Amino acid sequence: MAKTNSRAPSSRQQTYPFLLRQEPSSKWYQQLRSHLKKWFAVNKRDLPWRKNRDPYRIWLSEVMLQQTQVVTVVDYFNRFTSQFPTIQQLAAAPEETVLSLWEGLGYYRRARNMHAAAKIIATQFDGQFPNNLKEVMALPGIGRYSAGAILSIAFDQRHPILEGNTFRLHSRLLGVNADPRSKPVENYLWEFSTRVLPQRRTGDFNQALMEIGSEICKPKKPDCQHCPLAKLCAANALGIQSELPISGKKTIYEPRNQALVIVHSHKQFLARKRTSEEWWSGLWDFFRIDTSSENDATNRRTIEAELQEQIGISISLPEKPTKVIRHGVTKYRIRLACYSVAVDGPMPNSKKYSVVTQNELETLPLNITARQFLSCLPDQDC
Ligand code: SF4
């Protein structure tokens, strides 16, 4: 934890003992707004959702950017908006088409929530994105941060934002010497985010804050030399940039083992749509089960027995999987042993699995690791 400085505490510090600096003066706030405005005018990135202030496009970008890097989002955003240029078109689309366009972005709940919200906007708001905070926050998948971002950027309403980048930036600027995710600190940072807003052009201001946070005040190695806020920054003055923000509880990752089997015959595949109780709900997938260990030899018998039970095929798996994919889902670090099994003759009849063609698989929303394994199989293997 960073050392506290030796200056006498101000009244603000008494109220907020986690601050390593005095509560900023009004001059400090003015300078911050002015430096930020000038910096953003020159450094604002040219991003597709910044071409206009259509709230639908801003909403989509905010949803896609949660947990995902800008560079990844741009292509997804362009594909999504060319297929669904309006909220009404999104609302009218089948869920499978929406999930197909989201395939690979992960966190599919975002897409399902957005689809559900589009239907509400189409029916209750005549297809127009609402411009009232309460109504926006009542939509599925939209919390305080997203509502503030959309309303400030699209409608120039004076709402604060606080997300990963601004949590970090504010913690350093203010010298927050405590876990920024703890309730008292989080409350203080929301208050600060409101106090710091200018009277006008709050959308630009909020975007500038997020952009400095993501491009300059990075988690590791913040670029203080090129930071327009360097002279205002407590962490920079104290030389403790790398120590802030103080990290809270570390995620404890759990190992998990799974097996994936593509059962196929002459470019036909056994696949199923995952249910609402499962991970990747609404996406299509091949046969996938949990296994007990990383020992493929031990797992073989279990997988063969499950194939017999669930699909009704009796096969002998190769000793080693064709491919092993390692990936993460929430706190789980998964080792996925992938097999490809060619069936002679007609495909077995299974209640749980459907027979789908290669062409159908191209357009169905498919689990990303299933797609990854499928795409690496040579044609003659299918
Ligand atoms: S001076 Fe450094 S630590 Fe402070 S806000 Fe700028 S980049 Fe972040």
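Reader: What volume does the largest cavity have?
Author: In this predicted model, the largest cavity has a volume of about 100 Å³.

Reader: And which residues lie closest to its centre?
Author: The largest cavity is lined by 13 residues, and the closest to its centre are Leu169, Cys217, Cys224, Cys227 and Cys233. Helix H10 gives the largest share of that lining, with 3 residues, and by class the lining divides into 10 nonpolar, 2 polar and 1 charged.

Reader: Switching to pockets, how much space lies in the largest one?
Author: About 1000 Å³ of space lies in the largest pocket, which is lined by 31 residues, with Leu65, Gln67, Thr68, Glu163 and Asn165 nearest its centre. Helix H12 supplies the largest share of this lining, 5 residues, and the lining as a whole has 12 nonpolar, 9 polar and 10 charged residues.

Reader: What about the second largest pocket, which residues are closest to its centre?
Author: The second largest pocket holds about 720 Å³ of space, and of its 23 lining residues the closest to the centre are Gly106, Tyr107, Tyr108, Trp280 and Val329. Helix H7 (109-124), strand S5 (323-329) and helix H16 (368-376) are the elements that give two or more residues to this lining.

Reader: Which domains does that lining draw on?
Author: The lining of the second largest pocket takes at least three residues from each of domain 1 (11-243) and domain 2 (254-381).

Reader: Now the packing: how many residues has the largest nonpolar core?
Author: The largest nonpolar core has 85 residues, and those with the most contacts inside it are Leu32, Trp59, Met64, Phe80, Trp102 and Phe129. Helix H9 (residues 144-155) contributes the largest share, 7 residues, and the core draws at least three residues from each of domain 1 and domain 2.

Reader: Take Phe80, then; what is it in contact with?
Author: Leaving aside neighbours within four places in sequence, Phe80 is in contact with Tyr56, Leu60, Met64, Leu90, Val98, Leu101 and Trp102.

Note on methods:
Residues are numbered from 1 along each chain as its sequence is written. This is a predicted model: local features need pLDDT of at least 70, side-chain atom pairs count only at pLDDT 80 or more; totals for chains, interfaces and linings use all residues. Side-chain values use heavy atoms; hydrogens and water are left out. A nonpolar core is a set of buried Ala, Val, Leu, Ile, Met, Phe, Trp, Tyr and Cys residues joined through side-chain atoms within 4.5 Å. Buried means under 20% relative accessible area, exposed over 50%, partly exposed in between (1.4 Å probe, protein chains only). Helices (H or I, at least four residues) and strands (E, at least two) are DSSP runs, numbered from the N terminus. Domain bounds come from an automatic or database domain assignment. Contact means heavy atoms within 4.5 Å. On a 1 Å grid over the protein atoms alone, a cavity is a set of points where a 1.4 Å probe fits but cannot get out, and a pocket is an open set with protein on both sides within 12 Å along at least five of seven lines; lining residues have an atom within 4 Å of a point. Grid points are joined across faces, edges and corners, and a volume is the space filled by probe spheres set on the points. Ala, Val, Leu, Ile, Met, Phe, Trp, Tyr, Cys and Pro count as nonpolar, Asp, Glu, Lys and Arg as charged, and the others, Gly among them, as polar.
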